[in-house]
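Biologist: I am new to this structure and would like a close look at a single part of it. Please keep to what the model shows.

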Amino acid sequence: MKEVLSEAIEKWGVNANLWVFMEEIGELTKEISKAIRYKPNYDRISEEVADVEIAIELVKIIFNLDQKRIEEIKRHKIERLMKRLEGLE
Ligand SMILES: [Mg+2]
């Protein structure tokens, strides 16, 4: 996947691909909003989640983010959430 996304960044540039990310976030937001107001369309939500996951990969490549650091931050945040759920924080 990384090779294809890197090619897209090379072909259309950083800004165009960052716009793609923002548009995809907007589309998922809209689908979630429709799920709250009406009823969830699981297929549409799955499609938009897939788009956002791909777009997040684009962002990681563009900003050269360290996956190990992201995992570390996620682990810390999940641990904090667990503590909150247990009423320790
Ligand atoms: Mg989309």
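Modeller: The crossing of helix 2 and helix 3 is left-handed. Please keep in mind that this is a predicted model. The two helices pack with their axes 9 Å apart, at an angle of about 150 degrees. Angles over 145 degrees count as roughly antiparallel, and helix 2 and helix 3 are therefore roughly antiparallel to each other.

The residues of this contact can be listed from each side. Helix 2 contributes Val-14, Asn-17, Leu-18, Val-20, Phe-21, Glu-24, Ile-25, Glu-27, Leu-28, Glu-31 and Ala-35. Helix 3 meets them with Arg-44, Ile-45, Glu-48, Val-49, Asp-51, Val-52, Ala-55, Leu-58, Val-59 and Ile-62. Sorted by class, the contact of helix 2 with helix 3 has 14 nonpolar residues, six charged ones and one polar one.

Helix 1 also packs against helix 3. Helix 1 covers residues 2-12 and helix 3 covers residues 42-62; their axes lie 10 Å apart, at an angle of about 70 degrees. That angle makes helix 1 roughly perpendicular to helix 3. Helix 1 passes helix 3 in a right-handed crossing, whereas the crossing of helix 2 and helix 3 is left-handed. On the side of helix 1, the residues that meet helix 3 are Lys-2, Leu-5, Ser-6 and Ile-9. Their counterparts in helix 3 are Glu-57, Leu-58, Ile-61 and Ile-62. Five nonpolar, one polar and two charged residues make up the contact of helix 1 with helix 3.

Glu-57 is partly exposed, with 15 other C-beta atoms within 10 Å. Leaving aside residues up to four places away in sequence, Glu-57 touches Met-1 and Leu-5. Trp-12 is 45 residues from Glu-57 along the chain, and the C-alpha atoms of the two are separated by 16 Å.

Helix 1 meets helix 2 as well. The axis of helix 1 comes within 6 Å of the axis of helix 2, which spans residues 14-37, and the two cross at roughly 120 degrees. That makes helix 1 oblique to helix 2. Ala-8, Ile-9 and Trp-12 of helix 1 make the contact with Val-14, Ala-16 and Asn-17 of helix 2. Here the residues divide into five nonpolar, one polar and no charged. Between these two helices, just after helix 1, Gly-13 takes a positive phi of about 90 degrees.

Tyr-42 lies in helix 3, and is exposed, with 9 other C-beta atoms within 10 Å. The C-alpha atoms of Tyr-42 and His-76 are separated by 30 Å, and the two residues are 34 apart along the chain. Asn-64 lies in the loop between helix 3 and helix 4. Although Asn-64 is not a glycine, it has a positive phi of about 50 degrees. Asn-64 is exposed, with 6 other C-beta atoms within 10 Å.

The whole chain gives the setting for these contacts. The protein has four helices and zero strands, in the pattern α-α-α-α along the sequence. Its radius of gyration is 16 Å, well over the 12 Å that the globule rule gives for 89 residues, so the protein is more spread out than a compact globule. Taken along the principal axes, the C-alpha atoms fill a box of roughly 50 × 40 × 20 Å. Buried residues make up 6% of the 89 residues. Of the contacts between residues at least 6 apart in sequence, 69% join residues at least 24 apart.

Notes
Residues numbered from 1 in each chain as written. Predicted model: local features only at pLDDT ≥ 70, side-chain atom pairs only at ≥ 80, totals over all residues. Axes fitted to C-alpha atoms, helices over the stretch in contact; angles between N-to-C directions. Parallel < 35°, antiparallel > 145°, perpendicular 65-115°, else oblique. Left-handed = near helix turned anticlockwise from the far one by under 90°. Contact = placed C-beta atoms within 7 Å. Nonpolar A, V, L, I, M, F, W, Y, C, P; charged D, E, K, R; others polar. Rg over C-alpha atoms; globule rule 2.2 N^0.38 Å. Buried ≥ 20, exposed ≤ 12 C-beta atoms within 10 Å, placed from the backbone.
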